[in-house]
Amino acid sequence: MGKEMRLDKYLADMGKGTRSQIKEAARKGRIQINGEITKKADTKVNVETDTIVYDGSVVSYVTMEYYMLNKPQGVVSATEDHKYQTVIDLIDGKNRKDLFPVGRLDIDTEGLLLITNDGPLAHRLLAPKKHVDKIYYAVCEGHVPDSTVLEFADGILLPDGLKCLPASLEILNKTEDEGRKITEIKLTIREGKFHQVKRMMEAVGCPVMFLKRLTMGPLTLDESLKPGEYRSLTEEELEWLNDL
Ligand code: URA
């Protein structure tokens, strides 16, 4: 015995419209259950065994979806926005209408963002007490002093009063680009305060010019994903997340 639900809820959950739009579609004969047209949107269907066809295409019922997105710049980490494209708009293959990004990256930040409708998982990844590590790659202005590594390891106090938890800074490269000093870094933080990486680097006089998230807990950005591309999580990645 599988799970039963109303046909209109089934199709609404899968993003096929509002319940009243689905009722209308049913009245017009656009919906079939197991090969038979049904005109009643309140018909009970079995999500595991019944085949639902909407406008000629099979619609499977998916309860949970998990995507790894390489967030591009210029897109907001929100489900809706009146001005900008959102990270959810980028997930063309989605079934569910209740997807959301787990945490936020700034509009000009790139990199790893998990998109799901799994609320408890999001909570496990974001709960401050869980201290899930996030690794960022950044290009900063100026040459970051080596002493910053120890300061960050102790936990710095930002000028605006925020006391940061200990963070691990790796200085990758100090170079010059057209006469301008720049430093490439990797920074591992356990918190996710608003603009945290930018505020930390600003506090040591080396503002961030480019920022990309590489990891979040057990997840590592798949380097084959170009900015704007995404893929479903693998079974292995899902197991890692379930162990959190
Ligand atoms: N820290 C920031 O400053 N910005 C981000 O997008 C993520 C971390």
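The structure is a predicted model, where local features need pLDDT of at least 70, side-chain atom pairs count only at pLDDT 80 or more, and totals for chains, interfaces and linings use all residues. Residues are numbered from 1 along each chain as its sequence is written, and side-chain values use heavy atoms, with hydrogens and water left out.

Let's start with the overall layout. The chain is assigned domain 1 (4-58), domain 2 (66-128 + 219-242) and domain 3 (133-216), with bounds that come from an automatic or database domain assignment. Because both domain 2 and domain 3 give residues to the shell around the ligand, the ligand lies between them.

Now for the shell itself. Around the ligand you will find L105, D106, T109, Y136, H195, Q196, V197, K198 and L211; a residue is near a molecule if one of its heavy atoms lies within 4 Å of it. Four of the shell residues are nonpolar, three polar and two charged. Helix α5 (residues 196-203) contributes the most, with three residues; helices here are DSSP runs (H or I, at least four residues), numbered from the N terminus.

| Residue | Part with the N or O atom | Distance to a ligand oxygen |
|---|---|---|
| T109 | side chain | 2.9 Å |
| H195 | backbone | 3.3 Å |
| K198 | backbone | 3.0 Å |

How much of the ligand does the protein bury? Taken alone, the ligand exposes 240 Å², and the protein buries 96% of that, using Shrake-Rupley accessible areas with a 1.4 Å probe.

Notes:
Polar contact = N/O pair within 3.5 Å; in protein donor to acceptor, adjacent residues only side chain to side chain. Helix = DSSP H or I, 4+ residues; strand = E, 2+ residues; numbered from the N terminus. Nonpolar A, V, L, I, M, F, W, Y, C, P; charged D, E, K, R; others polar.
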